[in-house]
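Student: Please take a close look at the aromatic residues in this model. I would like to know how their rings pair and what surrounds them.

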Amino acid sequence: MKYPKGSRQKRQTHTEKKQSYKTNDAFANRGMTLEKEIVETNKYYLESGKAVIHKKPTPVQVVQVDYPKRSAAVIKEAYYQKPSTTDFNGLYKGKHIDFEAKETKNKQSLPFTNIHSHQVEHMKRIEEHGGVTFFIIRFTAINETYLLPLSSFLRKWEEQFNGGRKSLPYNFITEKGYLIPFQLQAKVNYLEIVDDVYINGGDCND
């Protein structure tokens with residue numbers, strides 16, 4: 001598990017937090033998908049005035065439309081298109097936040113087949129312009145959720161094109177990522193990690 005760079009005392013405090021996160025998570029009555037939990041968390045952030053972050057709607061291609069009345073249109077046929085960017089974006093403490101959420105039943109890795117190259121390119125552009133971008137990854141079988149910075153992700157992503165493995169290993173995610181706390185109101189409290197890593201002088205580069 002990787003922690004923000006800083007004093008020894010800060011590292012110890014973060015370790016204590018990590019242990020409490022696991023405890024809270026183990027006793028939580030889960031069952032919602034990761035996406036739904038993030039949507040609920042974002043609603044709590046919005047209502048409490050902490051941040052404005054929303055899920056992006058999935059693009060839909062309309063194929064057939066009927067007009068039973070001049071003032072009304074009825075969509076008869078439509079198809080979901082492949083998302084062109086990431087799942088969530090918004091504003092937090094003056095920073096543009098942009099991230100993708102993925103969950104897997106695999107205990108050992110997250111396959112890259114779950115991630116699209118155009119999403120990765122979008123995230124790279126966001127980071128180049130000073131935005132905060134990352135992945136939220138959940139291993140459903142062991143009920144653990146991690147924030148993985150884009151910089152760490154890209155190292156493994158690029159390796160696959162040079163004969164490397166086609167997935168993100170669980171051990172890599174636990175080493176380079178940050179375990180996200182579960183709370184009753186903020187079920188996926190990722191902004192606490194964003195504060196430590198990106199806002200309050202932390203450094204996610206390694």
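Tutor: Rings of Phe, Tyr and Trp (its six-membered ring) pair if their centres lie within 6.5 Å; planes under 30 degrees apart count as stacked, over 60 as edge-to-face and the rest as tilted. The model is predicted, and a search of the whole structure gives 14 aromatic pairs. One of them is formed by Phe134 and Tyr190, with 6.2 Å centre to centre and 50° between the planes, a tilted pair. This pair links distant parts of the chain: Phe134 belongs to strand β7 (residues 132–139) and Tyr190 to helix α6 (residues 190–199), 56 residues apart. Phe134 has a relative accessible area of 0% and is therefore buried. Tyr190 is also at 0% relative accessibility, so Tyr190 counts as buried.

A second pair is made by Trp157 and Phe161. Their ring centres are 5.8 Å apart and their planes stand at 80°, so this pair is edge-to-face. Trp157 counts as buried, because its relative accessibility is 6%, whereas Phe161, at 53%, counts as exposed.

Phe134 and Tyr190 also belong to one aromatic cluster, together with Tyr44, Tyr45, Phe88, Phe99 and Tyr198. Tyr190 and Tyr198 are both among the buried residues of α6. That helix is mostly covered, with nine of its ten residues buried.

The axes of helix α3 (residues 117–128) and helix α4 (residues 150–159) come within 11 Å and cross at roughly 140°. Helices α3 and α4 are therefore oblique to each other, and α3 passes α4 in a left-handed crossing. On the α3 side, the contact is made by Ser117, Val120, Met123, Lys124 and Glu127. On the α4 side, Leu150, Ser151, Phe153, Leu154, Trp157 and Glu158 take part. By class, the residues of this contact divide into six nonpolar, two polar and three charged.

Some loop residues complete the picture. Gly130 lies in the loop between α3 and β7 and is partly exposed, with a relative accessible area of 40%. Its C-alpha is 8.1 Å from that of Lys95, although Gly130 and Lys95 are 35 residues apart in sequence. Lys93 is found in the loop between β4 (88–92) and β5 (95–104). Phi of Lys93 is near 50°, a positive value in a residue other than glycine, and Lys93 is exposed, with a relative accessible area of 51%. Asn143, in the loop between β7 and β8 (144–149), has a phi near 55°, again a positive value in a residue other than glycine. Asn143 is partly exposed, at a relative accessible area of 23%.

For the chain as a whole, there are six helices and ten strands. Buried residues make up 44% of the 206 residues. Among contacts between residues at least 6 apart in sequence, 67% join residues at least 24 apart.

How values were computed
Residues are numbered from 1 along each chain as its sequence is written. This is a predicted model: local features need pLDDT of at least 70, side-chain atom pairs count only at pLDDT 80 or more; totals for chains, interfaces and linings use all residues. Side-chain values use heavy atoms; hydrogens and water are left out. Helices (H or I, at least four residues) and strands (E, at least two) are DSSP runs, numbered from the N terminus. Buried means under 20% relative accessible area, exposed over 50%, partly exposed in between (1.4 Å probe, protein chains only). Axes are lines fitted to C-alpha atoms, for helices over the stretch in contact, and angles run from 0 to 180 degrees between N-to-C directions. Angles under 35 degrees count as roughly parallel, over 145 as roughly antiparallel, 65 to 115 as roughly perpendicular and the rest as oblique. A crossing is left-handed if the near helix is turned anticlockwise from the far one by less than a right angle, and right-handed if clockwise. Contact means heavy atoms within 4.5 Å. Ala, Val, Leu, Ile, Met, Phe, Trp, Tyr, Cys and Pro count as nonpolar, Asp, Glu, Lys and Arg as charged, and the others, Gly among them, as polar.
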